[in-house]
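Q: Please take a close look at how charged side chains pair in this model, and then describe the surroundings of the helices and strands concerned.

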Amino acid sequence: QQLSDRVLRRFAQALGDSHGSSKERSLDTALRAFAAEGQSVNYKRFAEWARKYIDSPLVAWLFSIEQRLAEEFVEPGQRYQQKLSSAPSPSSSSTAPVPSLLAASGSAGFFGSSPSWTSEEQSICSALATEMEIQDVALVGALRRTWRLLVAESSLGVIDSPSFSRATPSLPEGLRGRLFRVLDRSNSGTLSLSQWVKGLSICFSGSPTARREFGFHLFAQEQETHSERPSPRLFNEGADELRKYAEAAERLFSNSASSVTSGRSVGRSRSASSSDCTSGPKFAPPTRAIFPSDGFEMQDFVGIWAAEAEDVVEAIGCLLRVDLKIPPATPEEEANIVSRLNTPFSPESPGDPGAVWFLISARWWEKWYESAKRASRSLDLPPIDNTSLLDDEGRLRLGLSQGRDYLVIAPGAWRALWMWYGGPGPELSRSVVEIGTTCELEMYPLRLHVYHLEEGEGEESLLSASLEESCVQTVAGLREKVSTLACTTVMRGCLLHKSNVDMEWEEPENDDSTL
């Protein structure tokens, strides 16, 4: 992309203003380091250089240009360019404060209790949707906001590969890298607004044809040809990766079974949905023996791996809705995602030691269940409220009954609901422990009190902290954890216990024993 003469004159002026100052020296150092890289530099080396000289005015100037170019993503003269250029920049001081997207704090998504849309935002998003031929204007608006949030949170003011990875923790690492490469059509190492909206909208609500082509580019490799542009082709390695991810797409790339915990199913199976992908291949994929040496082109790919490609891209869209806090378009789609992220819980077979589950109020779950059966999204479903499960001290109440008072759901299902609806919560995670030869969900961890003993006249013991620990925690592990508290940084902490109220306090002799 070309820079205007006006921008270049501003840069020249900035260089003149810094003459003889420390800025000039930092600029000279950054330029010399960059020149030492040679005639060209790949993005990885460029990013390392930019982070090292982040305080240099040269780096600041480069990324301010990147920011403006990302906003001005269409050719000048198009009918809504003026609206876009008048929109506040994510890095502008006039931009209203926005909550962090990366912090899973439970703040609601972009619908329901989300901030109201201004007329300017609606106009910009409608123009964006029209230009990109996307029917869902609300989705375009949500994607635009997430892009601006991530840009504002990035130290370099752009969405590069590290910031993209932080924003999409639910995606498998290998698939995350492939997705970023496909979205970055310009190979700049950053994602512009147009690339972000255009690419992710296919994952969320793209047509079958668009998803097949997107899936092809996810697993294809660029092959050098006599033409100016490399030709993407699918080879053995990419086909194997596609098969692997397609097999796990129904479970959204996790080990969860696709069933909702409540004794009844929510939503519908994917095979019954006209908009969802079929679960199996339409044709038997070719074996390595008949795989062409020069790979498959797009037209060959869509006739063989169409179903697998659609499955993978659709599953990516489901997980991105969770990570980016963009609620599904319909209750049916929401129930489908939660169902695929969840696993039925059985008290008799809770899983292996260390497995984590989450408790959720049965009262709130019933409200969500009724909402999930409606034809359109309900805006009156309240945030997740687990306070009815706690006593006055914030501990889990005794005498609670599974099914009547609470349900046990998988981490993926909890995170999806928490990202979309928020709380007060609180988050009630419980782990599976092995006691003897039996595994069970530890509903009531031990409540421990840490005291700070003031030595001297009139020794005084002050409560410094309270914490919950598993009964299978070792004495050595607890010592290490408690020693990090401020009250025990001066001297070694002492662990005391007594088996019943009639016994004296004593210190355990074996640090390998469990609590």
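A: R45 and E48 lie 3 residues apart in helix α3 (residues 43-52), so about one helical turn separates them. An α-helix has 3.6 residues a turn, so positions three or four places apart point the same way. The two side chains form a salt bridge, with their closest N and O atoms 2.6 Å apart. A salt bridge here is a side-chain nitrogen of Lys or Arg within 4 Å of a carboxyl oxygen of Asp or Glu, and helices (H or I, at least four residues) and strands (E, at least two) are DSSP runs numbered from the N terminus. R45 counts as partly exposed at 36% relative accessibility, and E48 likewise counts as partly exposed at 37%. In these terms, buried means under 20% relative accessible area, exposed over 50%, and partly exposed in between (1.4 Å probe, protein chains only).

The model is predicted: local features need pLDDT of at least 70 and side-chain atom pairs count only at pLDDT 80 or more, whereas totals for chains, interfaces and linings use all residues. Residues are numbered from 1 along each chain as its sequence is written, and side-chain values use heavy atoms, leaving out hydrogens and water.

By the rule above, the count comes to 15 salt bridges. One of them joins E314 to R340, whose closest N and O atoms are 2.9 Å apart. This pair links distant parts of the chain, since E314 is in helix α14 and R340, 26 residues away, is in helix α15 (residues 331-341). E314 is buried at 6% relative accessible area, and R340 counts as buried at 1%. Another bridge is that between E469 and K481, at 2.4 Å from N to O. It also connects distant parts of the chain: E469 belongs to strand β8 (residues 460-469) and K481, 12 residues apart from it, to helix α18 (residues 475-483). Here E469 is buried at 7%, while K481 is partly exposed at 41%.

A nonpolar core is a set of buried Ala, Val, Leu, Ile, Met, Phe, Trp, Tyr and Cys residues joined through side-chain atoms within 4.5 Å. This core has 83 residues, and V312, I316 and L417 are among those that touch the most other members. Leaving aside neighbours within four places in sequence, L417 is in contact (heavy atoms within 4.5 Å) with residues including E334, V338, W368 and G422.

Helices α14 and α15 are also among the elements against which the buried residues of helix α12 pack, together with α9, α11 and α13. Helix α12 (residues 236-249) has 14 residues and reaches 20 Å from its first C-alpha to its last, close to the 20 Å expected at 1.5 Å a residue, the expected span being 1.5 Å times one less than the number of residues. The buried residues of α12 include G238, L242, Y245 and A249.
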